[in-house]
Amino acid sequence: MIPTTPGAPPRTSSSQVAMSAVLADLFARPQFSIPQQEKDRLLLTELTDLVDHHRASCEPYRRITDGLGWSRDRVRSIEDLPYLPVSLFKTHELSSVPPADVFKVMTSSGTTGQAVSRVILDRGTADLQSRALSAVMARILGNQRLPMLIIDTKNVVRDRNTFSARGAGVLGMLPFGRRHFYALNDDMQLDVDGLREFLARYDGQPILLFGFTFMVWKYFLQAIRDLGITADLSGGILVHSGGWKKLAEEAVGNAEFKAALRDATGLARVHNFYGMVEQVGSVFLEGDDGFLYPPNFADVVIRDPATWEPAPDGTPGVVEVLSVLPHSYPGHIILTEDRGVVHGVGDASSGWSGKQLEILGRIPRSELRGCSDTHAFDGGRR
Amino acid sequence: MTTSMPVIQFLPTRGTVDLGDVLRDLREAPVTAPFDQSRIDYISDLATRLRRKGRGLPETQALAYWMRKAELHRLEDSFAELGNDRCLLMPRGTVFHVPPANVDTLFVYSWVLSTLVGNRNIVRLSSRATDQSNLILDTMRETVVDHPEVAGSTTMLSYGHDDRLTAAISAECDVRVIWGGDGTVNRIRTTAIPPHATELVFADRFSMAAVATDAYRELDDAKRDQLAELFFNDAYWFDQLGCSSARLVLWAGAQDPQPLAEDFYGRVRAVARAKGYQVDPSAAIAKFSQACRTMIEADVSAYSAPDNTMSVLTMDGFPDVRGEFCGAGLFYQLHVTALAEIVPHIRRADQTLTAFGFGEDELRDLVRALRGRGIDRIVPFGQALQFNRFWDGYDLLAELTRKVTLSAGNPLA
């Protein structure tokens, strides 16, 4: 999944999405505060309406939901709602707004030649996404803008035309901080002097750190350890994303990651997040217990890939993400290509309500036999 | 040869060799008359060993069965009918085979036919070797030791994406045989073959099955189960990605076939379950994604996927769903009143029609009505993947030989 955050969040603009009472409520209440039972009910109404909205506005979506046998009367829970495979956003441009209303087309990163997702945003949905992300981040950052240390190179945002997921992620987070400092030089070396200066200036104050999980580990933490740098980050809040694949290769999981950061820098407040370009704004945020929690306007269903039925808590399956934000494109219910497991439901008293998600990584590509022409020369057939 | 062109050779011996040396040796190797005893002995010896070593590997067993001695003699007899005393069949010379990557036994089929008719062969194997293809190559290497007279006439090798090497081999060949997706075919075709050389191309194909609804209705439970098993073998052996495996299922008859079709699919699913057919999560997602894409691009009236082994999309008209395919048990079904209705929709890419319940005359009428616009073979259920000398419209035995005509009359008499 591509971690991406939208453009400037705390911005005022007239929303073109007519806010339903439910949507307004989901925004108004503190994030991660709604008990699951109540959330189930709120999201069901809103998402069911969204299905009908997109059916009316997006012909390909109507065709698919017709094909899947959509019937509003048969819906009892969010698990009964139709979901689209995420790859569909790579092969089709799915829009629920007239071309004139398209404000921005978000694309996922992809290596050359690989298909990228194209997500159609109008101002209303873009605005909802921005406000949503602000609301989510406020849960851990409060409403202040902290001095911000970006664990990346300035290059990543310098050329805004070459839109990478990393660049988009950094750009999306910038508004949550001030006095931005990019901790890595262009050759990915830690800017030791710059770091010392930054830390000296904000000694003892809370700061925001942001970076991609692997880069935090490899280019920040390891450099600090290798160079023997004393950095007191005990006042810091680290927000990171990007997935554990590369770290898993080094047998580093979330627990090791956090322990190593704490040991080396005193950094104790560490929040992973899970999000994707197809559902910008609806980021799942890591709670104090290490689980990822969906914000008020999002939820998750785990499906058994053998039957596509919902899997019981504790049973890993394919991650389906639901969000009430997408109005300009039918990305409100998406079957991802990630494996995950829901461990249970958080306790509202802890400040983290909602399903406790753990992402287990990408679903490995199968090696089917027979024909395939994915390799230019090695195409097979019979 | 000034520049070195290293390749990994698998036959006759294993090791890294220079392509220039390989081609020089091959050039000096003799061809033989078609069905020379030395070639028959080699292939049938190989068949015996494969049968023994390939226990539990159905594809290898099918291959070994196809090249057993009795079958070779049958092949020889039918080959003999292609010529006579005044039309003599001779090998073409050097045949360059480019088999597909993922069907691990296919590289053997075109090579066997070419070997039998006396050619020299050079086979470019995919670098993605499977256990099964390795077993076959090991067995070939071991067999060739006992057949020194044919050892020099075949080389099997692999190399990376290097058009230079493909060009060097192509320049030597009299026939080039390309199996592969359209992209592969186009890529290889950018390298020239000598002016006198010919080329056989087996590109991406699409296949379908047809059931005469009335005939299916007449079957008892046991027969229906049997038919379902044959269908399963045809469709699932190569994860439904064999080009001869049906993707479209036609139900032909006046009445609504749906109850019978569902009965049939239920039995196919039961076979899949009984055989432990697994659809891994990635393939399951690919199937669901392809189903959704089809709903956008074609007219789908229903989608049924009670479990992941077999998903069925009911189509409102003959769908153009050729091309990229997920495999692993996704089927399009279409009701036609009569089989002849499909004629205007058939395209060049359509290869195999697996048919049940139709009379031979009806099927022959279909072939005549098609006038070659598509469908190269019509076979009963259970035989979709049975390779033979007639493939994709070619007679390989004829294509891999040349006809030399002889007329000894005295013009002065």
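The model is predicted: local features need a pLDDT of at least 70, side-chain atom pairs count only at pLDDT 80 or more, and totals for chains, interfaces and linings use all residues. Residues are numbered from 1 along each chain as its sequence is written, while chains are lettered from A and ligands numbered from 1 in the order in which they are written.

Let us begin with confidence in chain A. Its average pLDDT (the predictor's confidence in each residue, from 0 to 100) is 88, and 88% of the residues score at least 70. Residues 1-15 of chain A have a pLDDT below 50, and beyond near neighbours in sequence this stretch has 54 contacts in the model; two residues are in contact if their C-beta atoms, placed from the backbone, lie within 7 Å. The pLDDT is also below 50 over residues 369-382 of chain A, a stretch with 67 such contacts in the model. Where pLDDT is low, the predicted coordinates should not be read in detail.

Now look at how chain A is divided. Domain 1 takes in 24-101 + 297-363, and domain 2 covers 144-286, with bounds that come from an automatic or database domain assignment. The C-alpha centres of these two domains of chain A are 29 Å apart. Where they meet, 15 residues of domain 1 of chain A are in contact with 10 residues of domain 2 of chain A. On the domain 1 side, β12 (317-323), β13 (333-346) and β14 (354-362) of chain A each give two or more residues; strands are DSSP runs (E, at least two residues), numbered from the N terminus. The largest share of that side, 4 residues, belongs to β14(A).

Chain B also has two domains: domain 1 (6-204 + 393-404) and domain 2 (206-386). Their centres, taken over C-alpha atoms, are separated by 32 Å.
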